[in-house]
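Q: I would like a close look at one part of this model, with attention to how its residues are placed and what surrounds them.

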Amino acid sequence: MELTQDKINLIEKLIKNDRKFANNEDLYDDFFNEMCKRSMPIVNTITSDVTLEAYLRKIATTSIVNVLKDSGRLRRTRSGYTPVKNVSLQDENETSEKYANAKIEYKIIDFDSNPEDIAVKNEVLQSIVNSLYKINDAEPEKQYLKIYKLRYDEGMTQKEIANELNLSQAEISKRLFKLMEKVKKAFN
C-alpha cells in the first residue's frame with residue numbers, strides 16, 4: 001500500500017505543527033515512520049479529507065509521544081509525561097516540588113465516537129447488508145434475510161425463529177451457520 005503525495009504532505013504538516021516537534025526536529029524521520037506504521041491500515045479507506053485529517057492528527061500526537069519515549073526524551077511520571085531534559089537531577093528537592101504541583105492532562109480518546117472508527121464501521125455494516133441481500137436473492141427459498149432480521153434485529157432465539165417460520169430449530173441453526181459462511185466468503 002502506497003501513500004499519495006497529498007497524504008505525505010498532510011502527515012508532514014501535522015508532525016511539524018505538533019507542539020512536541022519543537023526542539024525534536026532531528027527525530028522527524030522517526031516521527032514520520034511511526035506515524036505511517038500506525039496509520040497505514042486505515043489511511044487509504046477514509047474518503048473524507050476532514051475525517052482523514054482528524055484521524056491523522058491523533059495518530060501524530062501518539063506517534064510523537066512514542067518516539068520521544070523510545071528515544072529517552074520523554075519520561076512518564078505520576079502526573080503525565082515530562083521532558084527528560086527539563087528534569088534536573090542535581091537539585092532533586094526543588095525539581096520534585098516544582099513538578100509535584102504541575103498537572104498534565106491527556107484526553108482519553110473515545111474510540112466509539114471517533115469519526116474514523118464510525119466511518120469504517122458504517123462501511124463494514126453496509127458491506128454486510130449488501131452481502132445479505134445478494135445471498136438472499138440467490139436463494140430466496142432459504143429465507144436468509146428474514147432469519148437474519150429475526151435473529152439479530154429482533155433478538156429472537158433459534159427456537160422462536162423455528163416456530164415463527166414453521167421449521168426445525170436444527171434447520172434454523174444450519175441456515176444461520178451457512179449464512180455467516182456466505183457473508184465471510186463475500187468479504188474475501
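Which helices do the buried residues of H7 pack against?

A: In this predicted model, the buried residues of H7 pack against helix H6 (144-153) and H8. Confidence within the chain is highest in helix H7 (residues 158-165), at a mean pLDDT of 92, and lowest in helix H4 (residues 92-100), at 56, while the chain as a whole averages 79.

The buried residues in H7 are Ile-161, Ala-162 and Leu-165. They cover an arc of only 105° around the axis, and therefore lie on the same side of H7. On the face of H7 turned away from this buried side are Lys-159 and Asn-163, both of which are exposed.

As for the packing with helix H8 (residues 169-187), the axes of H7 and H8 are 8 Å apart and form an angle of about 110°; because angles of 65 to 115 degrees count as roughly perpendicular, the two helices H7 and H8 are described as roughly perpendicular to each other. From H7, the residues Gln-158, Lys-159, Ile-161, Ala-162 and Leu-165 take part in this contact, where they meet Gln-169, Ile-172, Ser-173 and Leu-176 of H8. Sorted by class, the contact of H7 with H8 comprises five nonpolar, three polar and one charged residues.

Finally, H7 is followed by Asn-166, which has a positive phi, near 60°.

Note on methods. Residues numbered from 1 in each chain as written. Predicted model: local features only at pLDDT ≥ 70, side-chain atom pairs only at ≥ 80, totals over all residues. Heavy atoms only, no water. pLDDT = per-residue confidence, 0-100. Helix = DSSP H or I, 4+ residues; strand = E, 2+ residues; numbered from the N terminus. Axes fitted to C-alpha atoms, helices over the stretch in contact; angles between N-to-C directions. Parallel < 35°, antiparallel > 145°, perpendicular 65-115°, else oblique. Contact = heavy atoms within 4.5 Å. Nonpolar A, V, L, I, M, F, W, Y, C, P; charged D, E, K, R; others polar. Buried < 20%, exposed > 50% of the residue type's maximum accessible area, 1.4 Å probe, protein only. Arc of directions from axis to C-beta.
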